[in-house]
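Dear colleague,

Please find below the structure that I am handing over to you. My notes on it come after the display.

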Amino acid sequence: METEHDELPLRHGCDDLWTWNRWERSQEVKLYGNTFRTAHFHPNWSSGTAGVRGTRVLNNGRYFWELRLSQRIFGTSMMFGVGTRKARLHADSFTNLLGEDDHGWGLSHKGLLWHAGRWYHYTKPFRENEATTIGILFDGIAGTLTYYKDSKCLGVAFRGLNEVKDALYPVVCSTAAKTEMTLESMKRDFVNLQDRCRAVIVKKIKSESDLDKLKVPSRIKNYLGEAITIVDSTQPFKSVNKDSSNAFRLF
């Protein structure tokens with residue numbers, strides 16, 4: 001069920017910093033931009049399904065991100081959701097790759113939810129060849145995954161994700177040639193007041209050398225450094241090897 005939603009979730013959270021993983025993708029996915037936030041699928045022609053995994057580990061937190069889909073929306077399946085490292089990122093056939101097994105949870109542009117090889121009607125099919133923005137809210141505390149389409153909440157899609165033991169990551173895939181998905185508006189919730197304070201401080205720190213200049217205890221410096229490492233891992237020069245009855249219950 002589509003409902004009007006005036007405010008996107010986690011607007012009082014902090015900006016999140018992650019990108020598409022250059023080492024965990026199909027060879028049919030090319031990454032562009034200074035921080036590799038644009039995934040371009042099948043640059044020449046398509047003979048199968050290509051996917052890419054994000055660098056963000058989602059478990060036990062609350063995260064929201066948006067995907068801007070280019071106007072080339074067509075084909076067998078363009079999908080967005082979450083998956084473990086066991087989820088395939090390439091197939092030599094046109095298939096609903098994300099959710100083909102127990103390792104993925106995805107929504108296709110046909111309006112279908114996929115998990116464990118089963119599909120479920122969730123929303124209307126997307127209009128072909130019309131650009132759109134998809135929002136994804138992962139709540140690792142409640143164990144839910146909720147989708148938004150052009151700022152409208154579509155309702156809870158999946159439940160039980162808090163029971164998944166393997167690390168979960170954002171995943172997108174497409175069967176259609178020359179299609180693009182770009183990461184935008186990434187947010188995360190604060191874990192506690194300490195985390196909120198760290199986010200404010202880190203905004204003023206440009207590099208690890210700036211961190212070394214701070215006259216603070218080593219424990220605090222190490223805590224701040226964890227966030228700096230996350231920021232740096234997105235840089236291209238770094239070598240980093242509302243409820244709905246349509247919710248898909250996982251367990």
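The notes below go from the overall composition to one strand, its charged partners and the cores.

The model is predicted, so local features are given at pLDDT of at least 70, side-chain atom pairs count only at pLDDT 80 or more, and totals for chains, interfaces and linings use all residues. Residues are numbered from 1 along each chain as its sequence is written, and side-chain values use heavy atoms, with hydrogens and water left out.

**Overall composition**

The protein contains three helices and 17 strands; both are DSSP runs numbered from the N terminus, helices being H or I of at least four residues and strands E of at least two. Of its 251 residues, 50% are buried. Here buried means under 20% relative accessible area, exposed over 50%, and partly exposed in between, with a 1.4 Å probe and protein chains only. The accessible surface is about 12800 Å², and carbon and sulfur atoms account for 48% of that area. These areas come from the Shrake-Rupley method with a 1.4 Å probe, and for residues only the protein chains shown count as cover.

There are zero disulfides, a disulfide being a pair of cysteine sulfur atoms within 2.5 Å. Cysteine 14 is buried at a relative accessible area of 7%, and cysteine 173 is buried at 2%.

Which strands does β5 pair with in the antiparallel sense? Pairing requires that DSSP finds at least two bridges between two strands.

- Strand β2 (residues 20-25) pairs with β5 in the antiparallel sense over two bridges; valine 52 in β5 is the bridge partner of arginine 25.
- Strand β8 (residues 90-91) is antiparallel to β5, also paired over two bridges; histidine 90 in β8 is the bridge partner of alanine 50.
- Strand β15 (residues 169-174) pairs with β5 in the antiparallel sense over four bridges; valine 171 in β15 is the bridge partner of arginine 53.

**Salt bridges**

The whole structure holds 11 salt bridges, each defined as a side-chain nitrogen of Lys or Arg within 4 Å of a carboxyl oxygen of Asp or Glu. One of them joins arginine 53 to glutamate 24, with the closest N and O atoms 2.8 Å apart. Arginine 53 belongs to strand β5 and glutamate 24 to strand β2, so the pair ties together parts that are 29 residues apart in sequence. Both arginine 53 and glutamate 24 are buried, the latter at 15% relative accessibility.

Glutamate 24 also forms a salt bridge with arginine 85, where the closest N and O atoms are 2.7 Å apart. This pair links distant parts of the chain, since arginine 85 sits in the loop between β7 (78-83) and β8, 61 residues from glutamate 24 in strand β2. Arginine 85 is partly exposed, at 49% relative accessibility.

A further salt bridge connects aspartate 166 with lysine 86, the closest N and O atoms being 3.6 Å apart. Aspartate 166 lies in the loop between β14 (152-159) and β15, and lysine 86 in the loop between β7 and β8, 80 residues apart. Aspartate 166 is partly exposed at 35% relative accessibility, whereas lysine 86 is exposed at 54%. Through shared partners, salt bridges join Glu24, Arg53 and Arg85 into one network.

**Valine 57**

Valine 57 is located in the loop between β5 (49-54) and β6 (62-69) and is partly exposed, at 36% relative accessibility. Leaving aside residues up to four places away in sequence, valine 57 touches Tyr63, Ala167, Leu168 and Tyr169, contact meaning heavy atoms within 4.5 Å. Valine 57 and aspartate 166 are 109 residues apart in sequence, with their C-alpha atoms 10.0 Å apart.

**Nonpolar cores**

A nonpolar core is a set of buried Ala, Val, Leu, Ile, Met, Phe, Trp, Tyr and Cys residues joined through side-chain atoms within 4.5 Å. The largest core has 38 residues, of which Trp20, Trp65, Leu67, Phe80, Phe138, Tyr147 and Leu161 touch the most other members. Strand β6 gives this core its largest share, four residues. Another core lies apart from it and has nine residues, including Met79, Leu97, Leu98 and Trp114.

With kind regards
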